[in-house]
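Here are my notes on the model you sent. Please read them alongside the sequence and coordinates.

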Amino acid sequence: MLWRFYLKICLLLLLKFHFQRQCVGIHSGNSSCGLRNTTSAVVQIENAESYPAAMRKAGVNVVVEDRKKKIVEQSNTLAESVNGQILIPKGLLDKVINLVEAPIPVLGKFKETFLDLPKDLLTMVMRKHQKYFAICDTNGQLLPYFIAVANGAIDEATVRKGNEAVLRARYEDAKFFYELDTHKMFSEFRKQQENMLFHVSCILKF
């Protein structure tokens, strides 16, 4: 899996020693970043041993397994509150863990009429576009709920409302194109391929 992030700060410590280096144009220092829009936005790090505690005090959990455990446990609790269970593809969980520093799972809901669309389409929109976890019942049927993972202290009602609005717009788009495609004959799709150029790769062995 390949992720791309912008490098903002470079911190190089060995025990209590700070190393002056440059990484992709950024000079290393003895500070790091806490959660944005907080009083701990910039954190001074005295030594390598104090790094995890200093970051935790600034609201950032640098231990990946701790973040993972919190996301899974709280998401399971939220799913159980609506008599469901979460669908967590491993690749999605790994990505979400590394997108948040202080995970806060939030339960959202969407209109039940969207359940008329194929399950794979609905879960793909959640997973690919929004990084949400879907919720299903014990029979594997999708429920009209999802879990979004926010970062840091939030107004839960506002975050829930915002994520529900975004997913609603995504599903409206998906519904429009799904209905458009399913009302077409296969012959119409063949005509659309007339102006398409397909590249085929092959390996020649001698």
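1. The model is predicted, and the remarks here should be read as remarks on a prediction.

2. The sheet is open and has four strands in the order E7-E9-E10-E8, with antiparallel pairing. Its edges are strand E7 (85–87) and strand E8 (103–109), each of which pairs on one side only. From one strand to the next the twist averages 35°.

3. On the E7 side, E7 pairs with strand E9 (residues 133–136) over three bridges in the antiparallel sense. Here Gln85 has Cys136 of E9 as its bridge partner. Cys136 also stands opposite Leu142 in E10.

4. E9 and E10 are antiparallel and joined by three bridges. They form a hairpin with five residues between the two strands. Gly140, in the turn, has a positive phi of about 85°.

5. E10 (142–151) is also joined to E8, by seven bridges, and these two strands run antiparallel. Val106 has Ala148 of E10 as its bridge partner. Nine of the ten residues of E10 are buried, so this strand is largely enclosed by the rest of the structure.

6. Helix H5 (residues 156–182) lies across E8 and E10, and runs at about 55° to E8.

7. The count of salt bridges is three. Glu172 and Lys111 form one of them, with the closest N and O atoms 3.7 Å apart; the cut-off is 4 Å. This pair links distant parts of the chain, since Glu172 is in helix H5 and Lys111 is in the loop between E8 and helix H4 (119–130), 61 residues apart. Glu172 is partly exposed at 35% relative accessible area, and Lys111 is partly exposed at 43%.

8. Arg160 and Glu156 form a salt bridge at 2.8 Å, N to O. They are four residues apart in helix H5, so about one helical turn separates them. Arg160 is partly exposed, at 27% relative accessible area, and so is Glu156, at 37%.

9. Lys175 and Glu179 form a salt bridge, with their closest N and O atoms 3.1 Å apart. Being four residues apart in helix H5, this pair is also separated by about one helical turn. Lys175 counts as partly exposed at 30% relative accessibility, as does Glu179 at 33%.

10. Which residues make the nonpolar surface patch of about 310 Å²? They are Phe176, Phe177 and Leu180. Phe176 is in helix H5 and is partly exposed, with a relative accessible area of 49%.

Key
Residues are numbered from 1 along each chain as its sequence is written. This is a predicted model: local features need pLDDT of at least 70, side-chain atom pairs count only at pLDDT 80 or more; totals for chains, interfaces and linings use all residues. Side-chain values use heavy atoms; hydrogens and water are left out. Patches are made of residues with over 30% relative accessible area and no salt bridge: like charges are joined within 9 Å, nonpolar side chains (Val, Leu, Ile, Met, Phe, Trp, Tyr) within 5 Å. Accessible areas come from the Shrake-Rupley method with a 1.4 Å probe; for residues, only the protein chains shown count as cover. A salt bridge is a side-chain nitrogen of Lys or Arg within 4 Å of a carboxyl oxygen of Asp or Glu. Buried means under 20% relative accessible area, exposed over 50%, partly exposed in between (1.4 Å probe, protein chains only). Two strands pair if DSSP finds at least two bridges between them. Axes are lines fitted to C-alpha atoms, for helices over the stretch in contact, and angles run from 0 to 180 degrees between N-to-C directions. Contact means heavy atoms within 4.5 Å.
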